[in-house]
Each structure stands twice: as C-alpha cells, then as structure tokens.
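Please read it alongside the sequence and structure shown below.

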Amino acid sequence: MLRAAPPLTLALFLLPIAAGLAGTALPAFGYLPALGHTEVSLDAWRELMATPGLADTLALTLRAGLLATALSVVLAIGFCALAHDRPWMRRCESALAPILATPHAALAIGFAFLILPSGWLVRMVSPDLTGWHTPPQIVTARDPQGLSFAGGLVLKETPYLVLMILAASVQMRVRDLTASARALGYGPAAAWLFAVLPRLYAQIRLPVYAVLAFSLSAVDVALILAPGTPPPLAVLAMRWFADYDLALYPRAAAAALLQLAVVAGTIVLWRLFEIAAARLGRAIILRGWRTPAAEPVAAGAALGAVAAGVAAFAAIAGMALWSVAAGWRFPDALPDALTLDVWIRHLPEAGRPIEATLAAGAAATVIALVLALACLENEQRAALRPGTGTLWLLYLPLLVPQIAFLFGVQVVLVQTGLDGTLAAVIWAHLLFVLPYVFLSLADPYRALDPRFARSAAALGAGRVRIFVRIKLPMLAKPILIAAAIGFAVSVGQYLPTLFAGAGRVATLTTEAVTLAAGADRRVLGVYAVLQAALPALVYGLALGLPRLMFRNRRGLL
C-alpha cells in the first residue's frame, strides 16, 4: 500500500497542473466550446496586445517582482553573513515564527496601515516634526511605481529566505569553512560570503525561484498595495476572469499564459545572473582580493533585514491596535481609548469564514501529512535516494503562476460539478500545502537514527509497530511543526479559494482582501488579526504540545 503513495502524490501534483494549463491554453487560442468557440485562432492574443496600458502593466509586474526578490535575497544573505557566528542566530527560527505564520494579505494590510499618509509612521512624528495636522497629500501606498507593493512582499519573503538559509546551513560545516577563510585574511562577513555562500546557494536556489515566481504573480498583496491603474498582469487577468462578460475569457486566458511566460523568462534571466555572479566571485577569490567593502555592505544589508523585521512586527501590532481602537483621529499617535465593540459587532459575521478557513486548513494539512509520511516511509523501506528531479516536482506548484492554471482547474471542476464546494477548495489548497509539509518534514524524517528501528526490529516489532510506536512519537515535534506550516499556507491561499470556491466559499483571506478595498480600518483590522491569529495559534500548539506530551522525556523535545 505504501508503494502507491509516491505515484498518488505525484498525480495530485501533476494532473491538476497539467489539466489546468491545458484548460487555460485552449481558450487562449480560441477553443472554448462552452461559449461556442470551436476553431483555433489568435484573436485573444490580438485583443490582449491591443489592450491600452499593457506595456505599463508588464513594466510594473517586472519592476515590483524583481525588486522584491532582489531585496529579499540581498537582505537575507547580508543578515546571515553578519550574524552566522552569533550565539542567538539559531534562535531566530522561533523569533521569525509570528511573521512566517502571518499570511501575505494580513501582513500587507498591516503594512498599509503603517505607511499610508494617515498611517502610524506619519502619526508618530506629526505634528511635532512635520507640522502636519491633516494627512499629507502624498502617495505612499498603491504608488504608480509599485514600491509599496515590493516593500510588502519583502516583509514576508526576507524572513522566509533567512529560514531557508538556516535550514541549509545545518548540513554544512560552516564553522570550519569560515575559520579557514578567516585564517587567510578574510573578514567575518567576507569569509561567509566567499567560503559558505557558493555551496549553500545551490540548496536555496529553488526557494529563491519560488519567491521570484510569487512576487511576479501575487494577486492578494497586489490588490492591497499595488496601483489599480494599470494593475500588475496577474490582477488584470483575474479581473477579466471575474468579469460578467464571458467574451473576456479568451483574453484572460491569454493574459494568464503571458504571465507564465513572464515568470519562466525571468527565472531564466535570474539563472544567467547567478552564473555571472558565480564567475565574478570565483575571479575575486582566485585573484586573492580580500574585499574589505564586503563588511560594510553586509552590515547595511543586515540592518535592512532587521528594519524589515521591525516593520513586519509593527504592521502586525498596528492592525491589532486598529481592531480595538474606539477612535483614532489624525495626528494622534495612539487611539483615544480601547474597546472590544468592533469585535463584538463583527465576530458573528466572521463565523462562517472562520469555519471554512479551519475546515479547509485542517483537511488539507491532514491529507498532506498522511501523503508525506507515507512517501517518506516508503522511501526508507525501499532504500530510495531522491534526486534533484524530485525537488523540482515538489516545487512545481510554487513555480508555476497560480493564475496560469487555476482557471483551467476551475473549468475541470465545473465539468465535474465540484466547483463552489468545500471539497474543491480543500483539493486546491492541497496543491500548495503538500510541498511545504513534505519539505518541512523530509529532513527530520531522513535524519532519524535508523538504529532505533533496528533495535525495535531485533526485539520482534513489526514495521507498522515501529512506525507507530517508535518513529511517530520521536518525530512528533517536526510533524506538528510541518502541520503548522501547512495550515498557515492554507490560510493564506487567496486565488485557489476564489477559483475553486467560485465565490461561494468565503475564507478569512478572501474576506480580508475584499474589505481592503475600502472598509472601516477597525473592521479590516478585525479580519486581518483573525487571519493572522489562527496560524499563530496552531504554531503555538505545535511548539507547546511536545513539551506537554514529553515533559518527562527531555531528549524528545
């Protein structure tokens, strides 16, 4: 039975994406029998190319996506280069948990509360330093250049990349490599950059590509922080898909395929940049340059990473404060008084979105855990060694833009009568939950000392008993952490909920993004806090339950 787990998991990955891409590609080339289009044509592409402002849309998409990714990578690398030998570095994982648990949309809402002309940053220095008694007439959020959009993405992606670097560092002899480089005269940061990073980057390349693909095609963050006219390409395609005029579907499908081409082309360009940077670094090392400038550059990047972390925590605190503010007039730095009135009035309305969020997150996470554990157990019993191809397959749903295949998935769901159901939403969430759960669980599972299982087998225990009585208890903590990550990923899904739910399944994320268009900030704060609180609660349980379960077995904590 375990042998069926890998092909079943691959089918869950590949079939929806393949069917979704086909379901998007056919209308893009004029074939959509449901609307009477049965002949292949390029009309949709001609209409797309004739769209006013398309060049500005593409420029905004590339500018914001590349800026957010480049900044996130530089800040994360600079922070790790400067802090790799600090005793507190390993504890960063716990400190980053609140930011990692907060969905992109909730963090974007908090970031908007922070940087708006009437936001917290301006209030903290007004009117004493600015002289402003009313909000200034400047554009800080939804700016035409997409800088606030890129900034909102950096808040979330920088901690994620720091976490990926920390995880990859465990498998390397960082201390030995940096000590050797320091003995040759390199500074602390330069030693890490020239001795550790070249080997480590190969392990974080796919997470970087996933960040690049998400930054180029994010819709929920773009709806909150990106300009409305022209919008990023993914938002433009989504508007056409959501339009009542069905004649726009072929054009929307063409835009979705163009989004896929933009992401694929940008990943290729990023790879060429990696090759050029590697050659430059190798030339610097071979010439013996000690690059003293690396120290201040790394310090500046680390400072930027810390600033991004502080801004993220301030964004979370800001939306929590708005949700309990009785009144908060400009330019007051703090509310007049605190009250729970808004929570009492609007919490009953949020009941159904909370139920749908919990149900979809719990179901997708449990299914993902079962599949991941079955694949890993089968891998050990069959003595398999997964290669690079397996990693690429796992990252496939994260590298292909959601907008490029979710429309096709929706077409399949409509044909099977499953669209608009909770089951369809769970299935759509599973596509994105499963990779994160598997990647979180794979290293701890493979690192478990095989002598425990051999000792149990020598005492007569069967494979099932060893799995249930030995492996699962010993891996309880990483399993719970993987479940918490999977649940957080599910809570943050916007487009999969929108397409698979067909507008009939509302979650906290879809409600928060809808309210971001112009609702009362206090109401929006309530939904944003709820959206962030559920994953944080699950993270807390994941960290606390092992301490309770194994309070008399310190070695299992």
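How many cavities of 30 Å³ or more does a search of the whole structure find? The search finds one. The structure is a predicted model, in which local features need pLDDT of at least 70 and side-chain atom pairs count only at pLDDT 80 or more, while totals for chains, interfaces and linings use all residues. Residues are numbered from 1 along each chain as its sequence is written, and side-chain values use heavy atoms, with hydrogens and water left out.

## Cavity and pocket

Rolling a probe the size of a water molecule over the atoms shows where empty space is left. On a 1 Å grid over the protein atoms alone, a cavity is a set of points where a 1.4 Å probe fits but cannot get out, whereas a pocket is an open set with protein on both sides within 12 Å along at least five of seven lines; lining residues have an atom within 4 Å of a point. A volume is the space filled by probe spheres set on the points, which are joined across faces, edges and corners.

The largest cavity has a volume of about 40 Å³. Its lining consists of Val73, Ala76, Ile77, Leu161, Ile165, Ile204 and Val208. Helix H3 (54-83), helix H7 (147-169) and helix H9 (188-217) are the elements that give two or more residues to this lining; helices are DSSP runs (H or I, at least four residues), numbered from the N terminus. H3 gives the most, with three residues. By class, the lining has seven nonpolar, no polar and no charged residues. In this classification Ala, Val, Leu, Ile, Met, Phe, Trp, Tyr, Cys and Pro count as nonpolar, Asp, Glu, Lys and Arg as charged, and the others, Gly among them, as polar.

The second largest pocket has a volume of about 1,000 Å³. It is lined by 29 residues, and Ile77, Leu193, Leu197, Ala277 and Ala278 lie nearest its centre. At least two lining residues are supplied by each of H3, H9, H12 and helix H13 (294-323). H12 contributes the largest share, 11 residues. The pocket lining has 22 nonpolar, three polar and four charged residues.

## Salt bridges

Side chains of opposite charge can pair when their charged atoms come close. With a salt bridge taken as a side-chain nitrogen of Lys or Arg within 4 Å of a carboxyl oxygen of Asp or Glu, the whole structure has 12 salt bridges. The table lists some of them.

| Salt bridge | N to O distance |
|---|---|
| Arg46 and Asp43 | 2.7 Å |
| Glu47 and Arg251 | 3.6 Å |
| Glu379 and Arg446 | 2.7 Å |

Arg46 and Asp43 are three residues apart in helix H2, and therefore separated by about one helical turn. Arg46 is exposed at 53% relative accessibility, while Asp43 is partly exposed at 42%. Here buried means under 20% relative accessible area, exposed over 50%, and partly exposed in between (1.4 Å probe, protein chains only).

The salt bridge of Glu47 with Arg251 links distant parts of the chain, with Glu47 in helix H2 and Arg251 in helix H12 (residues 249-286), 204 residues apart. Arg251 also lies over the face of Trp240, at 5.1 Å from the ring centre; a charge sits over a ring if NZ of Lys or CZ of Arg is within 6 Å of the ring centre and within 35 degrees of the ring normal.

Glu379 and Arg446 form a salt bridge that joins helix H15 (residues 351-381) to helix H18 (residues 422-447) across 67 residues. Glu379 is buried at 11% relative accessibility, and Arg446 is partly exposed at 36%. A network of salt bridges links Arg205, Arg271 and Glu274.

## Aromatic pairs

Rings of Phe, Tyr and Trp (its six-membered ring) pair if their centres lie within 6.5 Å; planes under 30 degrees apart count as stacked, over 60 as edge-to-face and the rest as tilted. By this rule there are 12 aromatic pairs. The rings of Phe29 and Trp45 have centres 5.8 Å apart and planes at 40 degrees, so the pair is tilted. Phe29 lies in the loop between helix H1 (5-28) and helix H2 (43-49) and Trp45 in helix H2, so the pair ties together parts 16 residues apart in sequence. Phe29 is partly exposed at 32%, whereas Trp45 is buried at 17%.
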